[in-house]
Amino acid sequence: MMSRRALFALPALLALWPLARWWHPSPLPAVPVLTPPQHALRVFHLGHSLVGPDMPHMLAQLAPQGHRFNSQLGSGTNLKQHWEPDLAILDFETTNHPPAYRDAREAIGSGDYNAVVLTEMVELRDAIRYFDGAAYFHRWAQLARDGAPTTRVYLYETWHPLDDPAGWETRIAEDLDTLWLEGLSGQDSRAAPERPAYLIPVGQVMAAVARAAEAGEIEGLMAREDLFAQTPEGTQDTIHFNDFGAYIVALTHYAVLYQRSPVGLPHRLNLADGSAANSLLPNAAQRVQQIVWDTVLAQPRTGLAEAASAGEPT
């Protein structure tokens, strides 16, 4: 016979039953396959220093002639800070200059862009828990959709610091599904399944390139640290990419936005200030380009037909 205590607890358990879907959300709806662009794109980048001024400039040099971009950036900036006019954006005056800068709310809502690329601050757990990352991601994505019926929304997956206590590569492997795709963009993906945010899997690419470098497969690169900058004091910067890293990030954006293999693209590029970027050796660049393409094709949420086919159960 059921005890009196258990009998009284039963209504409370039944009342909590609807919350089960929150604790164990249903799988994300599959993303529709995209038609490859037939012309140069106009892209808006919203983010922080893991976008930076150089990466979009490199992307423009890799892309078809006519590619244009604008951005709104900050330092460690979350999506809530970008949205709310009364919240300060760290280093706003030093990271946003014409002609790249355009006010984000006005730009994304204008319908002027073929693609809007959003990313969130790291620590990503903090962005989701304390700064309503999922809600603000949905606001920005919906603003882009409302601006034009053809604008595509993208999620730029970044990474956490090299010295993360859980391990840099471990965080990249574990965070993609739980934090980036579910925690940050899952609400939006369910709200707009026909026009979801597509994935630019840069964190996955950086980890794959690092593994190849540490296995001796990339001439001139030996360790993951070779993709990251030095601080002004000459110590290892554990989060910000150097020119090699910026090139890898730009290649990944190119592969997803244009749905084309980056193999064979130029590897000698300029920085935003017009100076020459440090470039990979030719063989190394070709190997990195192939890693980028293989990694992009392994992610079905990139929207590429080849990736969707690879993600289908056999």
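**View 1. Pairing of strands E4 and E5.** Strand E4 (residues 152-156) and strand E5 run parallel and are joined by four bridges, in what is a predicted model. Within this pairing, Tyr156 stands opposite Ile200 of E5. Strand E5 (residues 197-200) is covered on both of its faces, with Ala197 and Leu199 buried on one side and Tyr198 and Ile200 buried on the other. In a regular strand the side chains alternate between the two faces of the sheet.

View 2. The strands follow the order E2-E1-E3-E4-E5 in an open sheet of five strands, and their pairing is parallel. Strand E2 (68-72) and E5 stand at the edges with a single partner strand each, so that one side of each has no neighbour in the sheet. On average, and with direction ignored, neighbouring strands of this sheet are turned by 25 degrees against each other. Strand E1 (residues 42-46) and strand E3 (residues 115-118) run parallel and are joined by four bridges, and Leu46 has Leu118 in E3 as its bridge partner. Helix H12 packs on the sheet, where it touches E1, E3, E4 and E5, and its direction makes about 140 degrees with that of E5.

View 3. Ala250 has its place in helix H12, and it counts as buried because its relative accessibility is 0%, against a cut-off of under 20%. When residues up to four places away in sequence are not counted, Ala250 touches Met55, Met58, Leu59 and Leu62. The C-alpha atoms of Ala250 and Pro56 are separated by 6.8 Å, although these two residues are 194 residues apart along the chain.

**View 4. Aromatic pairs around Trp159.** The structure holds eight aromatic pairs. One of them is the edge-to-face pair of Trp159 and Phe228, with 6.1 Å centre to centre and 85 degrees between the planes. Trp159 lies in the loop between E4 and helix H9 (168-184), whereas Phe228 lies in strand E6 (residues 228-230), so this pair ties together parts that are 69 residues apart in sequence. Both Trp159 and Phe228 are buried. Trp159 also forms a tilted aromatic pair with Phe241, at 6.3 Å centre to centre and with 55 degrees between the planes. This second pair links the loop between E4 and H9 to strand E7 (residues 236-241), where Phe241 is found, across 82 residues. Phe241 is buried, as is Trp159. Through ring pairs, Trp159, Trp168, Phe228 and Phe241 are linked into a cluster.

**View 5. Arginine side chains over aromatic rings.** The charged end of Arg105 sits over the ring of Trp83, at 3.9 Å from the ring centre. Arg139, in turn, lies over the face of Tyr136, 4.5 Å from the centre of that ring.

**View 6. Helix H11 and its cover.** Helix H11 (residues 202-214) comprises 13 residues and reaches 18 Å from its first C-alpha to its last, close to the 18 Å expected at 1.5 Å a residue. The helix is mostly covered, since 11 of its 13 residues are buried, among them Val202, Gln204, Val205, Met206 and Val209. The cover of the buried residues in H11 includes E4, H9, E5 and E6, as well as helix H12 (243-258) and helix H13 (282-297). Just after H11, Gly216 takes a positive phi of about 80 degrees.

Note on methods: Residues numbered from 1 in each chain as written. Predicted model: local features only at pLDDT ≥ 70, side-chain atom pairs only at ≥ 80, totals over all residues. Heavy atoms only, no water. Buried < 20%, exposed > 50% of the residue type's maximum accessible area, 1.4 Å probe, protein only. Helix = DSSP H or I, 4+ residues; strand = E, 2+ residues; numbered from the N terminus. Pairing = 2+ DSSP bridges. Phe/Tyr/Trp six-rings, centres within 6.5 Å; stacked < 30°, edge-to-face > 60°. Lys NZ or Arg CZ within 6 Å of the ring centre and 35° of its normal. Expected span 1.5 Å × (residues − 1). Contact = heavy atoms within 4.5 Å. Axes fitted to C-alpha atoms, helices over the stretch in contact; angles between N-to-C directions.
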